[in-house]
Amino acid sequence: MNKQGFLVVTGLALILAVTQQCGSGSSNPKIFTSEPEPKQLMRFGLIWDSLNVDSGVVKSGQTLSHLLDPYGISPGQIAKLAANSTKVYRVTSMRQGKQWWLGSSRDSVPVPLWIIYERNNTDYIVFSLKDTLGARLGTYPVDTVYRRVKGVIENSLYLDLENMGESHLLALSMSQVYDWTIDFSHVRKGDTFDAYYMQQKVNGELVGMPEILSSNFTHIGNEFKAYRFDQGAGVDWFDPTGASLRKAFLKTPIEFGRMSSGFNKKRFHPVLKKVKAHLGTDYAAPTGTPIRAVGAGVVTKSEYKRNNGNYVKIRHNSTYETQYLHMSKRLVKVGDVVKQGDVIGKVGSTGLATGPHVCFRFWKHGEQVDHRRESFPPDTPIRDEMMDEFAVEVVRLELEADSVFRLQGL
Ligand SMILES: [Zn+2]
């Protein structure tokens, strides 16, 4: 599968497209014909082939005046254009490296009519250079592409997807769906993934984050299916029984870290050179990697201590607390209220540490426990009255994912 092999389809047209692919190939008889109208080439909402077009890229230090000056537009007109446009776009925000087009009339003496500035990969501004000096904001049409990716873990989800020519953003989207259920720093060779997702495409380029529609990750023989559904409170992912994949605590405080040492009551300490209980789980990651609060709560400690280095402790409720050690930087202070996933510090090796990692400690009723052995109740499941609708959506997503997969193989 190559990167360009994306299918541009709309959800509704999809099943139809499959049916047509499977047809006998005989073309339908034409019932009526009409003279095709001579097609005008439209671009930016303008009749593009009625214009003489110059184009270029904004160079370092160039402003709108620099672009328009060669076309005989006076400083007074440019000032008026800038003033008339402020509500749509401040011309001083133009950036080096962005594309522009200037359209003039096709007369013997061309009259400059429009200048278009591409603000980003989805939006552009059309400035009118005629008597009505002003601007309007335009947006490129957005396509949605649908794609399904299946594979087996050889190295890590991130690397394996990359080797398949997939964007690393897909690994990120998947890790977000499974943030509460699978520790992606701990996947095994032989685990399998199967993700059906959609992504936006503008001018032939994929933009934004891939959105997982359905997914199945098999971790040590256990299937973790996820289906995207909105029961009125925003999009979330649920297992086939309608239970939420979201839980009170994230599996790990860092995304894509590597578990370097587990919870162990009889560990030989690498620095102290003696047996000492390790009442936490270490995740190795480069210095500066963001550390996330695994659950919502209140910061009860944010300080430096000789062994812990820079560390933060959070109280989540009357039962649970979590603690994060050896930070290079603390980003919260005592009393701060944090949400699940908030970045509370950066990975470091302060205190008693051999290399950059976060030592993550989980407290239950004031005692340290191995969080990987705890099971936490899931968040809000699908409500009873929504279960039928959810069941239909599960079937629809399964069929759609199969159709997309077949089309990709053609
Ligand atoms: Zn540790």
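The charged end of Lys-313 sits over the ring of Trp-363, at 3.8 Å from the centre of that ring. This contact belongs to a predicted model, in which the protein is divided into domain 1 (42-139), domain 2 (143-238) and domain 3 (258-373). The centres of domain 1 and domain 3, taken over C-alpha atoms, are separated by 54 Å. The points below take up the zinc site, the aromatic pairs, the charges over rings and the strand pairing.

**Zinc site**

- The zinc ion is coordinated by NE2 of His-278, OD of Asp-282 and SG of Cys-359, at 2.0 to 2.2 Å, and along the chain these donors follow the spacing H-x3-D-x76-C.
- Since His-278 lies in strand β16 (residues 274-278) whereas Cys-359 lies in strand β25, the pair ties together parts that are 81 residues apart in sequence.
- His-278 is buried, with a relative accessible area of 3%, and Cys-359 likewise counts as buried, at 2% relative accessibility.

**Aromatic pairs**

- A search of the whole structure finds 20 aromatic pairs, and one of them is formed by Tyr-124 and Tyr-140, a tilted pair with 5.0 Å from centre to centre and 55° between the planes.
- Tyr-124 belongs to strand β7 (residues 123-128), while Tyr-140 is found in the loop between β8 (134-139) and β9 (142-152), so this pair ties together parts that are 16 residues apart in sequence.
- Tyr-124 is buried, its relative accessible area being 7%, and Tyr-140, at 8% relative accessibility, also counts as buried.
- Tyr-324 lies in strand β21 (residues 320-327) and Phe-360 in strand β25 (residues 357-364), so the pair ties together parts that are 36 residues apart in sequence.
- The relative accessible area is 0% for Tyr-324, which is buried, and 1% for Phe-360, which is buried as well.
- Tyr-324 and Phe-360 also belong to one aromatic cluster, together with Phe-249, Tyr-320, Phe-362 and Phe-376.

**Charges over rings**

- Besides the contact between Lys-313 and Trp-363, the model has Lys-150 lying over the face of Phe-405, at 4.4 Å from the ring centre.

**Strand pairing**

- An open sheet is formed by 3 strands in the order β18-β24-β22, with antiparallel pairing, and its edge strands, β18 (290-292) and β22 (329-330), each pair on one side only.
- Within this sheet, 2 bridges join β22 to strand β24 (residues 343-346), the two running antiparallel, and the bridge partner of Lys-329 in β24 is Lys-346.
- Strand β12 (residues 222-230) and strand β13 (residues 235-238) pair in the antiparallel sense over 4 bridges, and the bridge partner of Phe-229 in β13 is Asp-236.
- β12 and β13 form a hairpin with 4 residues between them, and Gly-232 in the turn has a positive phi of about 115°.

How values were computed:
Residues numbered from 1 in each chain as written. Predicted model: local features only at pLDDT ≥ 70, side-chain atom pairs only at ≥ 80, totals over all residues. Heavy atoms only, no water. Phe/Tyr/Trp six-rings, centres within 6.5 Å; stacked < 30°, edge-to-face > 60°. Buried < 20%, exposed > 50% of the residue type's maximum accessible area, 1.4 Å probe, protein only. Lys NZ or Arg CZ within 6 Å of the ring centre and 35° of its normal. Domains from an automatic or database assignment. Pairing = 2+ DSSP bridges. Donors = N, O, S within 2.8 Å, 3.2 Å for Na, K, Ca; no water.
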